[in-house]
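Please open the model in your viewer and keep the sequence panel beside it, as this tour moves from one selection to the next.

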Amino acid sequence: AVQYYTQTESTESDLQAIHAPGVHWLMKSIALAATEQHVDLLFHQYKQYAENSMVLEQMVTAFPGKLLAKHTMALVQLIRQTNHKEELFRCLSLKLVEAPPPAHDKLVFLNEVWSTITRLDDVHAYLRCAAAFVALLVAHYSSREVVILLKDVVRHLNAADAMDAALFVSLERVMEVIIMEARRQSHYFTTIIPSSEFLVRRLF
């Protein structure tokens with residue numbers, strides 16, 4: 001195997017792609033009957049060889065949110081050490097929909113992570129992250145945070161050179177999450193949906 005990698009001059013990204021399916025299978029197998037102690041041990045082991053975004057992504061996507069939630073800010077710090085921050089933050093946000101961060105970490109998490117996402121130059125990557133974040137916000141935060149995020153989304157879209165099909169798909173996901181949540185939280189019909197920040201009014 002070493003000779004093969006040397007002869008083909010594989011990059012680190014190539015090697016991660018090769019090993020990703022095996023790591024995915026391993027993490028899913030562990031997650032089937034994992035306890036908090038298993039997750040604690042796994043994170044301890046990972047920290048010995050940190051900065052591998054592929055391994056961290058497989059860990060985040062494999063384990064249920066209820067086992068990851070208490071590690072929210074530790075995960076944020078680990079993600080910051082990788083080269084794929086926005087995708088890992090997106091994955092983590094989707095997992096936290098299942099179980100929110102601890103109460104004392106909720107706003108800290110939001111402020112720290114969104115400060116990274118909002119600086120993305122790629123509007124497509126930004127909107128993919130925004131769709132995940134809005135799902136987290138409607139599940140565990142107030143309508144105030146949802147409106148603040150929508151303002152930021154509108155700002156990015158107004159600055160975009162043009163709207164293409166991929167952007168419309170991501171935008172549709174954002175709106176769909178909010179509209180579906182409005183069926184559960186009726187006050188959305190009087191706070192978010194009629195607001196000037198709601199994307200339907202600003203973009204169509």
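Begin by selecting tryptophan 25, which is exposed, with a relative accessible area of 60%; please keep in mind throughout that this is a predicted model.

Next, colour helix α8 (residues 106-117) and helix α9 (residues 123-140), which pack with their axes 11 Å apart at an angle of about 165°. Angles over 145 degrees count as roughly antiparallel, and α8 and α9 are therefore roughly antiparallel to each other, with α8 passing α9 in a left-handed crossing.

Now turn to the charged side chains, where a search of the whole structure finds 7 salt bridges. Select glutamate 112 and arginine 80, whose side chains meet in a salt bridge at 4.0 Å, N to O; this pair links distant parts of the chain, since glutamate 112 is in helix α8 and arginine 80 is in helix α6, 32 residues apart.

Then show lysine 70 and aspartate 40, which form a salt bridge with their closest N and O atoms 3.5 Å apart. Lysine 70 lies in the loop between α5 (65-68) and α6 (72-80), while aspartate 40 is in helix α3 (residues 36-47), so the pair ties together parts that are 30 residues apart in sequence.

Finish with arginine 155 and aspartate 152, which meet in a salt bridge at 2.7 Å, N to O, and which are separated by about one helical turn because they are 3 residues apart in helix α10 (residues 143-159). Here arginine 155 is partly exposed, at 48% relative accessible area, whereas aspartate 152 is buried, at 11%.

Definitions and conventions: Residues are numbered from 1 along each chain as its sequence is written. This is a predicted model: local features need pLDDT of at least 70, side-chain atom pairs count only at pLDDT 80 or more; totals for chains, interfaces and linings use all residues. Side-chain values use heavy atoms; hydrogens and water are left out. Buried means under 20% relative accessible area, exposed over 50%, partly exposed in between (1.4 Å probe, protein chains only). Axes are lines fitted to C-alpha atoms, for helices over the stretch in contact, and angles run from 0 to 180 degrees between N-to-C directions. Helices (H or I, at least four residues) and strands (E, at least two) are DSSP runs, numbered from the N terminus. Angles under 35 degrees count as roughly parallel, over 145 as roughly antiparallel, 65 to 115 as roughly perpendicular and the rest as oblique. A crossing is left-handed if the near helix is turned anticlockwise from the far one by less than a right angle, and right-handed if clockwise.
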